[in-house]
Amino acid sequence: MYDVIVVGGGHAGIEASHIAAKLGKKTLLITGNIKNIGDMPCNPSIGGTAKGIIVREVDALGGLMGHIADISHIQIKMLNNSKGPAVRSLRAQADKITYPKNMQEYLMKMPNLTIKESLVEDLIIENNIVKGVITENNERIEGKTVILTTGTYLRGNILVGSKNTPGGPHGERRSNYLSTKLNEYGLKIIRLKTGTPQRIKKDSIDFSVMSKEHGDNTYWTFSNDFAPSYKLEDQKPCYLLYTNEKTHQIIRDNLEKSAMYGGYATGVGPRYCPSIEDKIVRFADKERHQLFLEPESLYYDDWYLQGFSTSMPEDVQEQMVHSLHGLENAVISKYAYAIEYDAIDPLQIKPSLENKVLENLFTAGQINGTSGYEEAAGQGIIAGINAALKVDNKNPLILKRSDAYIGVLIDDLVTKGTIEPYRMLTSRAEFRLILRHDNADLRLRHYAHEIGTINEEQYARLLSKEENIKKLTAYLTENTLHLTSEVKEIFINNNKNVPLTGLNFYELLKRPEINLDFIENFITLDYPDEVKEQVEINAKYDGYIKKAFKEVEKLEKLEEKQIPEDIDYGKVTNLASEARQKLDKIRPKTIAQASRISGVNPVDISVLSIYLKKEYGKDEN
Amino acid sequence: MEDTICAISTSMGIGAISIVRVTGPETVDIVDSIFDHDLKNASSHTIHYGHIKYNEEVIDEVLVMLMKGPKTYTTEDTIEINCHGGINTTKKVMEILLASGCRLAEPGEFTKRAYLNGRINLLEAESVNDLIIAKTDAARTLAINNVDGKLSKQISNLREKIAKILANIEVNIDYPEYTDELEVTENLMHEYLDDITKELNVLVSGAKNGRLIKEGVNVAIIGKPNVGKSSILNSLLDEEKAIVTDIPGTTRDIVEGTITLNGVAINFIDTAGIRETTDIVEKIGVDKSKKTADNADIVLLVLNNNEELTNEELTMLDKYNNEKLLVFVNKMDLEKKLVLPETIKDVIYGNTIDLDGLNTLKEAISNKLNLDSIVNKDMSYLCNLREIDLVNKAEEALKNAQNNLEAGYSVDMIEIDLKAAWNYLGEIMGDSYEGELVDKIFSNFCLGK
């Protein structure tokens with residue numbers, strides 16, 4: 001009897017099984033192919049805008065993705081470094097051979113974790129309570145909790161033109177029956193679609209006509225616990241190229257042959273990840289589209305043609321690729337394809353990622369309607385933690401929207417549902433100024449310590465960092481800059497405006513053109529860089545940060561306003577019809593959650609609050 | 001499930017026709033049961049001649065307008081019965097409807113249903129209410145224009161403009177590697193903010209006008225005791241045969257009377273005479289007068305031509321000069337002892353005894369407020385307190401954006417203020433804004449792997 005059974009060895013399943021085992025739970029990871037654990041079937045990168053912050057959050061919670069990416073990449077850079085601190089995010093070009101290899105080695109050494117190769121086709125269920133899984137060989141494996149992280153493998157279909165092949169990515173086997181079974185047990189199944197572009201043989205590419213995209217000249221790590229292990233000069237470049245009129249003409253001429261436009265696909269694809277034919281049709285007046293060539297690995301020669309995802313038949317893909325400048329003689333090693341798969345309706349999931357219909361069943365990743373390795377990992381670690389907590393009869397960890405991007409992600413899913421694969425975007429986070437890449441540890445490690453997913457040494461470092469931030473802030477506030485002629489000269493020599501009066505250093509730091517480096521002209525600041533960074537951001541964005549926390553406070557008050565589970569929305573007079581339907585379907589737990597449902601307007605929220613106050617009395621203080 | 005409601009929609013006076021309106025799920029069944037022609041199988045948006053019958057007795061000869069949802073005011077099935085038999089018959093028809101399963105509609109309930117069913121937005125619903133309670137012609141025209149959605153369109157357009165900028169900034173943030181997309185730089189942001197501020201200012205100044213039109217202009221008449229304040233008031237009201245009302249002013253002052261200028265209600269507020277005093281009771285009165293003047297839209301300071309300026313009067317002149325001050329120099333028939341500072345511009349000379357200068361005074365009030373230009377048939381202004389509050393908040397957020405941009409913050413920070421402004425504008429219409437922006441991003445920009 002296992003405590004936690006995780007089905008699927010992708011990025012969600014990895015984090016789920018790792019963290020459950022780390023919490024001392026007897027854990028089983030079942031996957032169709034052990035060699036594919038940690039595989040990256042699509043783009044060869046970890047992180048990216050918003051996603052890079054999720055990776056740091058997974059790391060802060062004690063997860064694996066950040067550390068493994070750190071030791072497996074061939075390029076890393078900080079995106080948006082010229083913009084404000086709230087929107088910065090790391091992206092690494094991960095090596096598609098090294099990453100899974102390092103991941104598998106790490107997991108094999110994990111105490112409490114058993115890894116098994118098989119396909120799960122059914123669940124053991126008694127009275128809507130999940131008690132284990134049944135494999136394709138009819139083997140019954142009992143578990144107190146089950147986490148499904150099945151990715152695109154539920155009734156997966158690969159689409160290339162009018163060709164429709166059942167199967168997972170890389171020709172892997174799919175699960176044929178599990179989603180049908182889930183449907184029989186009362187889960188609503190939705191059909192989604194995603195796609196991946198061509199891989200091109202390195203030797204057939206003329207890189208000389210493309211522009212190079214380098215990694216940063218600064219060392220970075222996702223992980224908060226390890227020093228960088230790469231050399232700056234070892235980083236490999238990516239390349240930028242463009243489509244042209246000829247490419248567009250080929251696509252227009254062959255449009256009806258594509259799986260999507262020819263009507264061969266039924267799944268809903270993501271808008272943020274459109275196929276190239278989509279881009280040409282929807283943005284007809286655009287003369288060119290940007291594409292990127294990214295190396296997949298140092299150990300084989302495939303390059304990933306980012307931006308060129310398509311479901312055209314192979315012969316058309318040949319023409320399309322060869323129309324690109326620099327790829328006239330390109331050899332395509334893998335054609336682009338679209339993949340359709342079954343997912344469950346995330347409105348049937350609780351914020352803990354446990355299912356509303358089937359108790360002890362958790363889900364994470366693409367099965368919940370998301371897309372992306374990082375989104376999967378973020379849910380995986382939460383599902384793993386909450387399955388472990390459930391085994392111990394403890395309350396689940398539910399991250400708030402003001403705690404983490406992971407909180408935003410899960411809240412969006414369970415509150416709004418999704419009709420397309422959900423990708424995290426900076427714009428989805430209303431508190432992005434608080435949810436920065438640089439403070440993931442400060443935001444989440446207290447939770448992690450309380451649950452037990454980080455060790456005492458990691459915790460001690462967190463406490464010391466917090467202490468130092470306080471100390472440095474106080475030190476800057478308590479010390480005043482006196483405007484001696486010598487001081488004035490330093491300002492002038494550095495091209496900075498001389499302050500009109502003396503002021504304390506914290507106030508000085510608030511000025512846009514002043515940083516702590518400059519202040520060290522006047523006082524010694526013997527603190528680690530990570531501490532200085534926090535103090536500087538706090539000072540610079542003081543006004544905005546305060547405003548954001550005020551908003552958080554408002555939201556938290558609304559989060560406290562519980563909506564009784566048995567509320568009859570039919571009895572709440574004066575609700576707009578649309579709001580009534582949505583509320584009845586989603587049945588939000590709090591007024592705050594209700595207010596985030598699209599179609600539920602502020603007036604409806606007032607109406608609902610008044611009703612609760614009248615009917616239940618205890619709603620408001 | 002909503003019930004079926006009915007109400008007499010025309011005024012309860014004596015007229016050729018009065019209309020009874022019914023709406024709700026049972027509408028067709030109920031009216032069909034008391035009408036002598038088949039309505040159940042009739043097609044929508046048709047007119048039927050026939051009789052209302054109750055217990056075999058013909059009550060009235062009527063025209064029935066059958067309108068099935070959703071293309072009706074409330075989006076629910078709606079029937080209007082045009083009754084011909086005068087008010088008592090109409091009341092009888094109502095009674096029969098009530099006996100047959102209808103409920104008497106609460107005031108405004110038809111509009112409420114239109115809003116709740118998503119046919120009109122909050123701004124339009126509020127305007128319907130304003131229309132019903134409009135006191136003057138101008139207020140009515142304003143409300144009608146707002147019901148028509150003119151203002152909604154104006155606000156939607158502005159929001160659309162802001163949304164495009166927000167989406168552009170988000171795209172720059174989320175897809176930094178796509179350098180083909182326009183980058184919203186600090187300079188560009190300056191331009192955008194100036195443009196939006198200009199458009200928002202139209203709404204903000206419009207809101208001021210809207211309030212004037214809806215609630216009327218408050219004119220505080222101040223001056224020292226016995227300078228002729230009451231005489232001026234009486235003359236103005238007397239000449240206009242004004243209705244003396246008990247409408248409370250904004251500061252709980254008693255509005256002594258109201259006249260209509262260019263269709264706008266002008267509420268006159270008399271105040272206690274202002275002078276230096278040691279009498280405690282009188283001092284309370286004087287302080288209150290000053291407060292009234294502070295809150296008024298126009299301060300009409302009445303002076304005596306025959307006396308020199310007191311210190312108190314000079315203070316008043318200084319305090320309200322040009323902004324909202326009108327000076328009426330009374331008692332021009334007496335010897336001139338008054339010397340006005342040259343800076344005072346809006347001065348009317350007259351005499352309350354023979355009504356000299358009173359017309360000039362009215363003209364001056366109208367000019368001061370620009371009533372000619374703000375009251376016109378195309379006007380559409382925000383006029384509801386909730387709306388005005390929100391548009392002011394939007395303005396405040398935009399100001400923050402401007403200031404922070406000056407202070408050197410990056411565009412992704414300024415966006416926080418801009419988004420706040422956008423949200424406030426959305427709230428005016430009662431829209432929820434969740435998701436809108438993400439939709440915008442993907443409909444306007446072409447990105448992704």
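Modeller: In chain A, 52% of the 621 residues count as buried. Keep in mind that this is a predicted model.

Colleague: What makes Leu476(A) buried?

Modeller: The cut-off is 20 or more other C-beta atoms within 10 Å. Leu476(A) has 21 such neighbours, so Leu476(A) counts as buried. This residue sits in helix 12 of chain A, residues 456-478.

Colleague: Which residues does Leu476(A) touch, leaving out those up to four places away in sequence?

Modeller: Asn504(A), Phe505(A), Tyr506(A) and Leu509(A). A contact needs C-beta atoms within 7 Å. As for Ile523(A), 47 residues along the chain from Leu476(A), the two C-alpha atoms are 9.2 Å apart.

Colleague: How do you know that the radius of gyration of chain A agrees with a compact globule?

Modeller: Set the value against the rule. For 621 residues, the rule gives a radius near 25 Å. Chain A has 26 Å, so the two agree. The C-alpha trace spans about 80 × 70 × 55 Å along its principal axes.

Colleague: How do you know that the span of helix 14 of chain B agrees with its number of residues?

Modeller: Helix 14 has 19 residues, 411-429.

Colleague: Why is helix 14 of chain B called mostly covered?

Modeller: Count the buried residues: 17 of 19. Just after this helix, Gly430(B) takes a positive phi of about 75°.

Note on methods. Residues are numbered from 1 along each chain as its sequence is written. Chains are lettered from A and ligands numbered from 1 in the order in which they are written. This is a predicted model: local features need pLDDT of at least 70, side-chain atom pairs count only at pLDDT 80 or more; totals for chains, interfaces and linings use all residues. Helices (H or I, at least four residues) and strands (E, at least two) are DSSP runs, numbered from the N terminus. The expected span of a helix is 1.5 Å times one less than its number of residues. A residue is buried if 20 or more other C-beta atoms lie within 10 Å of its own, exposed if 12 or fewer, and partly exposed in between; C-beta atoms are placed from the backbone. Two residues are in contact if their C-beta atoms, placed from the backbone, lie within 7 Å. The radius of gyration is taken over C-alpha atoms; the globule rule is 2.2 Å times the number of residues to the power 0.38.
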